[in-house]
Amino acid sequence: MARLILLGTGAAWCGPERENTFLLVRGATTNLLIDVAGSPTQRLAQVGVGPHEIDHVVLTHNHPDHIYGFPIFMLNAWMAGRRAPLHVYGLADTLRSAKALLKAVGFRAWPNLFKIKYHTVVINSEAALPRIDEFEISARRGKHFVATMGLRVTNHATGKCFAYSADTAPSANIVALARDADYFLHEATQLDESNAGHSSAVEAGQAAHAADVGELILIHVPPEINASKWKRAAKRHFRGKVTVANDFDVIAF
Ligand SMILES: [Zn+2]
């Protein structure tokens, strides 16, 4: 059984109880980070994982709240003694930003830095990320202010999967990505108002209904929300289980 650990669940403006949204996938042999926000080493320490134990980093898009932790994560992985290559995945624009962040902090001067292997994700309709050990990972573009992608991760051992919308306005691509998923983590930056680049809890519920998922988990939410209001809004269109994500929630899959 693998575990998805929510290291942060907040929208771009975070608060004392919610870090910006980023996720850890813990497999039997692999640790994978999805986005790198906040103080990643501090968050990882709370779940007993060192930064050097992360093998793969997937960056969904280049907005600050999703990638600002990347340079300190890399520095700490190096300080903790990582020497094996580290794989970083993202769309072309996202990887350009990630590389620029590292350049800005002079990473080339770090002696014996591990190899960073960048993988540019090219998405047509069915393109997939490279297979990562025990997982099947696929991606589709969302609808945001910049190029972004949602992810679907399936555990080969259990057949269970989750889909994560990343930042997106309502998107048919993301619904297709999440089709029949066991868990669907959909952003809900607002309660019910529209926003060109984000979704509301109501729209997340519509997406969960359209994708016919098992459970909807609202994520990327403002710091101090009334969770029952958010849930009720999502339930207007989705009859399955709805929860509002909290930092350090764990989803076994
Ligand atoms: Zn964003």
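**What the terms rest on**

Reply: Six strands make up an open sheet with mixed pairing, in the order β7-β8-β9-β10-β11-β12. Within this sheet β7 (135–141) and β12 have a single partner strand each, so one side of each is left without a neighbour and both stand at the edges. From one strand to the next the twist averages 15 degrees. The model is a predicted one, in which local features need pLDDT of at least 70 and side-chain atom pairs count only at pLDDT 80 or more, whereas totals for chains, interfaces and linings use all residues. Residue numbers start from 1 along each chain as its sequence is written.

Me: How do you know that β7 and strand β8 pair, and in which sense do they do so?

Reply: Two strands pair if DSSP finds at least two bridges between them, and strands themselves are DSSP runs of E with at least two residues, just as helices are runs of H or I with at least four, both numbered from the N terminus. β7 and β8 (residues 149–155) have seven bridges, in the antiparallel sense. One of the bridge pairs is Glu136 with Thr154 in β8.

Me: Which strand pairs with strand β10, and over how many bridges?

Reply: Strand β10 (residues 183–187) pairs with β11 over five bridges, here in the parallel sense. Glu187 has Ile219 in β11 as its bridge partner.

Me: What makes β7 largely enclosed by the rest of the structure?

Reply: A residue is buried if 20 or more other C-beta atoms, placed from the backbone, lie within 10 Å of its own, exposed if 12 or fewer do, and partly exposed in between. Six of the seven residues of β7 are buried, so the strand is largely enclosed.

Me: Why does Ala166 count as buried, and what is its phi?

Reply: Ala166 has 29 C-beta neighbours inside 10 Å, and therefore counts as buried. Its phi is positive, about 55 degrees, although Ala166 is not a glycine. Ala166 is found in the loop between β9 (161–164) and α5 (172–178).

Me: Why does His220 count as buried, and where is His220 found?

Reply: His220 counts as buried because it has 28 C-beta neighbours inside 10 Å. His220 is found in the loop between β11 and α7, and its phi, near 55 degrees, is a positive value in a residue other than glycine.

Me: What puts the buried residues of helix α7 on the same side?

Reply: The buried residues of helix α7 (residues 227–235) are Trp230, Ala233 and Ala234. They cover an arc of only 95 degrees around the axis, which puts them on the same side of α7, the arc being that of the directions from the helix axis to the C-beta atoms. These buried residues pack against α6 (201–211), β11 (215–219) and β12 (241–244).

Me: Why are α3 and α4 called oblique to each other, and which residues meet?

Reply: Two packed helices are described by the angle between their axes and the distance between the axes. Axes are lines fitted to C-alpha atoms, for helices over the stretch in contact, and angles run from 0 to 180 degrees between N-to-C directions. The axes of helix α3 (residues 70–79) and α4 come within 9 Å and cross at roughly 60 degrees. Angles under 35 degrees count as roughly parallel, over 145 as roughly antiparallel, 65 to 115 as roughly perpendicular and the rest as oblique, and α3 and α4 are therefore oblique to each other. Phe70, Pro71 and Met74 in α3 meet Ala98, Leu101 and Leu102 in α4, a contact being two C-beta atoms, placed from the backbone, that lie within 7 Å.

Me: Where does helix α4 lie, and at what angle to β5 does it run?

Reply: Helix α4 (residues 92–104) lies across β5 (86–90) and β6, running at about 130 degrees to β5. Both strands belong to an open sheet of seven strands, ordered β6-β5-β4-β3-β2-β1-β13, with mixed pairing. Its edge strands are β6 (116–120) and β13 (250–252), each of which pairs on one side only.

Me: Why does Gly38 count as buried?

Reply: With 23 C-beta neighbours inside 10 Å, Gly38 counts as buried. Gly38 has its place in the loop between β3 and α1 (40–45).
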